[in-house]
Protein chains: 2
Amino acid sequence: MGAIVSTGGCTASFVSPQGLIATNHHCIYGSIQYNSTEDNNLLKNGFLAKSMDQELQATPGSRIYVTEEIVKVSADIVGGLGEKVTGIERFKTIDKNRKALVAECEYDKRYRCRVVSFHGGMEYFLFKQLMLRDIRMVYAPATSIGKYGGDIDNWMWPRHTGDFGFYRAYVDKDGLPADYSEDNVPYKPKHFLKISASGLSADDYIMVLGYPGRTNRYRTSIEVKNNFTWTYPAAKAYREEYIDIIKANSAEGSDARIKYAGTLAGLANYAKNFGSMITSYNKGTTQQRKDQMEKDLASWVAELPTRTEKYANSLQGLNGLILQSQENKERDLVMSYMARTTMMSTALALYKLANESQKPDLERDQGYQQRDIARFEQRMKSINRRYDSDIDKAVLLHFIKHYTTIPQAQKIKSLDKFFALNNEIDNQADNEVDDSKLQKLLDSMYTNTKLDDEETRLQWMKKSLAKFEQSNDPFIQLAVAIYAEREAISDSSDALSGDIQAFRPKYMEALIAYYKSIGKAVYADANSTLRITYGNVKSYSPADGMLALPFTTLEGVAAKHTGEKPFNAPDKQMELIKQKHYGKYLSKSLGSVPVNYLGTLDITGGNSGSPTLNARAEFVGLAFDGVYESIIGDWDYDEQLNRAISVDSRYMLWVMEYIDGADNLIKEMEIIR
Amino acid sequence: MGAIVSTGGCTASFVSPQGLIATNHHCIYGSIQYNSTEDNNLLKNGFLAKSMDQELQATPGSRIYVTEEIVKVSADIVGGLGEKVTGIERFKTIDKNRKALVAECEYDKRYRCRVVSFHGGMEYFLFKQLMLRDIRMVYAPATSIGKYGGDIDNWMWPRHTGDFGFYRAYVDKDGLPADYSEDNVPYKPKHFLKISASGLSADDYIMVLGYPGRTNRYRTSIEVKNNFTWTYPAAKAYREEYIDIIKANSAEGSDARIKYAGTLAGLANYAKNFGSMITSYNKGTTQQRKDQMEKDLASWVAELPTRTEKYANSLQGLNGLILQSQENKERDLVMSYMARTTMMSTALALYKLANESQKPDLERDQGYQQRDIARFEQRMKSINRRYDSDIDKAVLLHFIKHYTTIPQAQKIKSLDKFFALNNEIDNQADNEVDDSKLQKLLDSMYTNTKLDDEETRLQWMKKSLAKFEQSNDPFIQLAVAIYAEREAISDSSDALSGDIQAFRPKYMEALIAYYKSIGKAVYADANSTLRITYGNVKSYSPADGMLALPFTTLEGVAAKHTGEKPFNAPDKQMELIKQKHYGKYLSKSLGSVPVNYLGTLDITGGNSGSPTLNARAEFVGLAFDGVYESIIGDWDYDEQLNRAISVDSRYMLWVMEYIDGADNLIKEMEIIR
């Protein structure tokens with residue numbers, strides 16, 4: 001487990017004594033993109049450092065987190081809280097206790113610490129992670145291998161994606177975490193994984209270690225219903241519109257399109273993800289089983305007076321609060337998409353930083369504490385590599401128009417006033433005219449803002465509240481105008497969260513007791529902490545009359561090849577496949593080199609980049625995706641249909657050795673043949 | 001083999017001593033449609049005669065052909081032909097010899113006879129078939145079972161189509177073929193098939209007997225290339241346009257749409273068929289292997305002077321003629337689609353009949369001989385059930401516009417003149433105006449023609465040439481105007497056919513000799529004669545990483561169900577599946593009732609409705625389709641990918657017993673349990 005690390009969003013693992021790190025291509029995509037230009041498009045061509053001095057800096061703010069300590073801290077977080085405290089008190093106390101523990105833990109600046117709740121707040125643990133700050137790009141195959149099949153094949157089987165790449169972590173000469181410096185040396189991990197070149201067969205035991213982000217297996221019936229019948233459908237539509245706007249405002253291959261490659265990939269990924277979940281939900285019995293379970297739980301609680309006394313209020317109380325939290329769902333969703341646009345989010349963050357900086361560090365909101373400033377600064381620095389004003393403006397315009405259609409009671413008055421939306425609400429017939437007014441206002445805002453300049457943004461990080469209030473930058477003015485109202489919304493949301501924090505642990509306690517009574521185990525929902533899942537390489541039936549076989553092969557890469565993205569395998573690869581040049585990586589049973597395989601592993605987002613290990617704990621590939629039918633697994637796990645997809649270590653080595661000539665890396669790793 | 005019969009287009013089989021006939025739902029679709037009205041839509045509801053007196057007449061002209069005799073007649077057909085005869089002489093001699101043999105054979109009016117060529121004319125056989133003329137509809141499940149999955153699932157796996165239905169053949173009291181009469185009695189076949197209710201397992205031996213229509217496995221390289229790169233793409237586009245026009249001119253569920261259901265199904269079926277073949281051709285190596293084979297054949301011929309003398313000219317000569325036959329391909333294709341429209345084709349056929357009637361019977365063109373008159377009359381009678389003037393007009397307009405774009409050298413002058421197309425050719429900019437002129441002309445033609453009246457059409461069958469020439473019916477005028485030029489085209493095509501008839505047998509002789517030298521058998525191309533193909537129930541891999549399993553089950557029907565056509569399983573079926581009501585037809589290994597299965601059988605169009613038999617020659621289902629990857633099998637057979645799809649006899653019985661209550665039929669058949 002010591003070799004398994006986190007990038008913050010993905011999992012990764014040490015695969016050499018020299019700090020070499022394997023993870024998914026899509027996990028280092030941002031860094032490849034960051035180092036790409038129209039003249040030297042690393043996304044297209046791939047990148048290989050033949051020696052350490054050729055390695056490139058990863059995208060600013062890149063980190064590798066090595067978990068060193070895990071401590072149970074429930075008493076420190078909620079020990080002093082009585083039953084009677086108000087929601088906002090509860091929220092603030094928990095928040096403050098968390099921050100105090102984190103601050104204490106991070107007193108040693110080399111560490112990054114997190115307090116994580118389990119079972120909706122029944123238990124809390126402190127995770128202490130060494131934070132490596134000098135991360136470099138070592139190797140990525142061409143996107144036509146690393147993202148072969150693109151969005152079309154995403155979440156799909158049969159799959160032929162070479163979703164892998166390598167980073168290296170550096171430390172200072174004393175072996176301590178440090179910012180980038182030419183004098184830094186490779187980090188020497190305590191443990192690293194050996195790479196299997198002999199690979200797996202069908203039904204072999206495998207396990208995956210990683211940092212799965214979040215599952216929702218114990219949500220209540222009304223939460224499930226709202227998510228699948230409202231939130232996911234609405235968010236899917238928003239994402240698809242977002243994609244359309246980006247594409248309509250940037251030519252294929254243009255600088256603007258390259259800048260938005262990562263944004264597009266993320267939007268498409270989750271649009272498809274949501275689509276799958278909606279389909280599975282509508283076809284399946286998730287809701288019926290959830291409803292039934294709650295009925296059964298209620299009956300079980302009602303059986304004994306002691307149980308009734310202990311648990312009866314928890315489900316009812318929790319559901320009441322959840323309904324309350326959904327009251328402004330239209331507003332919350334559309335605001336979250338507006339706040340994805342770059343200029344608006346930058347201005348909001350900068351003004352919030354100025355406000356939070358007035359408070360003692362422990363009372364500041366997460367993301368605005370002293371410990372967050374370096375990352376905040378990196379964010380301000382990397383904006384221009386992912387920003388195009390025409391696209392940003394078109395997206396903001398689009399979502400403002402959506403905003404005008406939400407229920408009147410949910411409207412944000414200061415926002416209406418700023419964009420002069422008030423008067424037009426009742427005469428929708430004038431829409432065309434309104435659009436052009438709004439368009440003019442946005443044109444002017446984007447023309448006059450200076451926030452598209454890096455230096456300007458960095459200066460704003462240090463400015464006083466007064467400077468903000470006097471600013472003539474239109475986006476700063478927007479942030480100032482709507483700040484108070486947004487904060488009020490945030491406060492009432494915090495109070496509600498505090499109330500939920502009182503009820504959810506009780507509900508989970510009831511559920512665990514009930515499940516125990518019927519002999520069923522309750523695994524805690526994923527929460528980005530280090531987990532293990534194990535299973536087997538295994539086929540599954542995606543439809544009556546069809547079987548998804550456990551392995552794909554090189555021949556499948558060639559069969560999908562059209563020459564057009566995303567099915568544009570490199571010429572060299574096509575030639576090698578034609579020649580049946582399997583080299584050292586032939587699987588005799590398949591008669592070819594395996595490319596991807598299926599496994600009965602319970603993974604989710606955050607597991608991306610996780611090493612897949614065989615029974616001897618050797619590296620046999622990287623988990624990078626699940627099949628379409630397994631996406632709803634975050635809410636409702638089905639052994640028959642849940643399959644994780646890994647890229648086979650044999651394919652990785654085949655690409656490295658025969659296509660990209662990455663002999664230096666193969667030599668550096670310990671290969672078990 | 002005595003139980004295997006033909007409907008003219010499909011295969012069928014006797015399944016009871018009382019003349020009960022099983023075939024595909026899509027083979028009796030025309031009869032279901034013929035008996036359907038908006039008020040009593042049998043297509044939608046299905047049909048079951050609970051007793052013989054409830055049976056309905058099949059669509060007029062329906063026949064069942066029982067093969068009684070097969071005789072080799074090569075000498076009679078080509079025995080007297082020297083090497084030196086001209087193409088047109090050869091064509092006419094062969095044609096005349098055929099007709100003479102057929103006439104002699106059909107002297108006994110109960111029989112229908114055909115002379116069929118094998119190996120492109122190397123051999124000829126005479127097939128003598130008893131022709132049963134009183135055919136009645138006994139049972140068809142609802143289209144939502146019989147055509148479940150519709151065009152979407154057509155040619156696809158996994159498949160869940162209940163593609164079966166029953167006819168019954170009647171004869172007069174003496175047991176002789178007769179036209180419909182209330183006094184007729186069921187035909188007593190010499191042989192009938194027993195029905196297996198225990199069914200098949202994976203890998204079981206199976207065979208299919210039937211009348212496969214046509215394969216093209218021995219076409220030359222340039223024929224293959226022209227077909228896949230020109231004819232199929234063009235015909236696919238035409239068919240898709242045709243479908244669009246029908247749909248644009250008839251509301252879903254309207255009388256007009258019901259009338260065109262069969263036309264739509266036929267158009268869609270082959271549009272998809274062509275699409276698959278184009279895809280397989282482009283992905284595969286059909287052309288390369290064909291080219292290579294011809295090179296190898298040429299080398300083999302060149303090896304010895306005797307071979308050179310015997311065969312050298314054949315390939316070259318054949319290819320020259322084939323190129324010649326492609327010179328007017330644009331004209332030939334578009335004219336064939338124009339001539340699919342009802343009013344134009346009716347007028348052309350009637351005027352041709354008047355002309356052919358002037359000649360001695362044996363010199364008339366096929367379709368216009370005395371033996372064809374009854375069928376011709378039936379065709380004239382059934383037109384109105386499949387005709388809508390708005391649709392017909394729109395289709396004709398569309399293809400006339402296509403016609404205007406063919407190369408000038410291919411134009412038909414009399415057609416140009418009739419539709420006043422000449423003047424507009426050079427000023428395409430005026431297209432809108434031309435369209436409206438043409439539109440007005442067609443409006444007037446469709447308003448004034450009387451050919452949409454059955455009685456009028458039947459009268460025209462008996463009228464003199466002079467009456468045609470004096471007619472003021474605009475479609476008769478069209479037919480008269482273009483007749484001479486169409487006949488000239490037909491004559492020159494016949495002459496070319498005659499030349500090809502000289503060369504193709506020589507080419508096949510060379511090919512067979514060459515194949516023999518390398519130990520390869522040559523199976524004659526299919527030609528609608530009774531054939532057997534055998535193999536096994538077997539899975540296949542449609543793509544790397546995927547396996548198509550040999551059976552589908554009831555659960556797959558439910559999984560595909562959306563409630564919307566073509567996935568609208570009947571409520572009763574959905575309910576039975578939900579209850580897992582498998583009854584007597586459970587397959588223990590599948591845990592359900594099998595619906596369709598895959599087999600390694602070499603079938604093609606015409607095999608539709610063929611019984612699939614087990615090793616004991618018991619009926620285990622009906623072949624009804626092939627998988628997508630096997631469609632190119634007509635040109636290039638691939639053992640790995642070629643799979644026939646059959647509907648399982650257990651599913652047929654399950655539907656009959658539990659959904660439609662067809663107990664009378666189950667009792668009538670001999671069921672092996």
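**Close-up views of salt bridges**

**View 1. In chain B, the side chains of Asp134(B) and Arg136(B) are joined by a salt bridge with an N-to-O distance of 2.6 Å.** The model is predicted. Asp134(B) and Arg136(B) are both buried.

**View 2. A salt bridge connects Lys352(B) to Asp365(B), with 2.7 Å between the closest N and O atoms.** Lys352(B) belongs to helix α13 (residues 342-356) of chain B, whereas Asp365(B) sits in the loop between α13 and α14 (373-382) of chain B, so the contact ties together parts 13 residues apart in sequence. The relative accessible area of Lys352(B) is 10%, and this residue is therefore buried. Asp365(B), with a relative accessible area of 23%, is partly exposed.

**View 3. In chain A, salt bridges with shared partners form one network.** The residues joined in this network are Lys352(A), Glu356(A), Lys359(A), Asp365(A) and Glu487(A).

**View 4. Lys584(A) and Glu657(A) form a salt bridge whose closest N and O atoms are 2.1 Å apart.** This pair links distant parts of the chain, its residues being 73 residues apart. Lys584(A) is located in the loop between α22 (571-578) and β18 (594-599) of chain A, and Glu657(A) is part of helix α23 (residues 649-659) of chain A. Lys584(A) is partly exposed, at a relative accessible area of 47%. Glu657(A) has a relative accessibility of 18% and therefore counts as buried, the cut-off for a buried residue being under 20%.

**View 5. Over all chains, the structure contains 70 salt bridges.** Among them are the pair Asp134(B) and Arg136(B), the pair Lys352(B) and Asp365(B), and the pair Lys584(A) and Glu657(A).

Conventions: Residues are numbered from 1 along each chain as its sequence is written. Chains are lettered from A and ligands numbered from 1 in the order in which they are written. This is a predicted model: local features need pLDDT of at least 70, side-chain atom pairs count only at pLDDT 80 or more; totals for chains, interfaces and linings use all residues. Side-chain values use heavy atoms; hydrogens and water are left out. A salt bridge is a side-chain nitrogen of Lys or Arg within 4 Å of a carboxyl oxygen of Asp or Glu. Helices (H or I, at least four residues) and strands (E, at least two) are DSSP runs, numbered from the N terminus. Buried means under 20% relative accessible area, exposed over 50%, partly exposed in between (1.4 Å probe, protein chains only).
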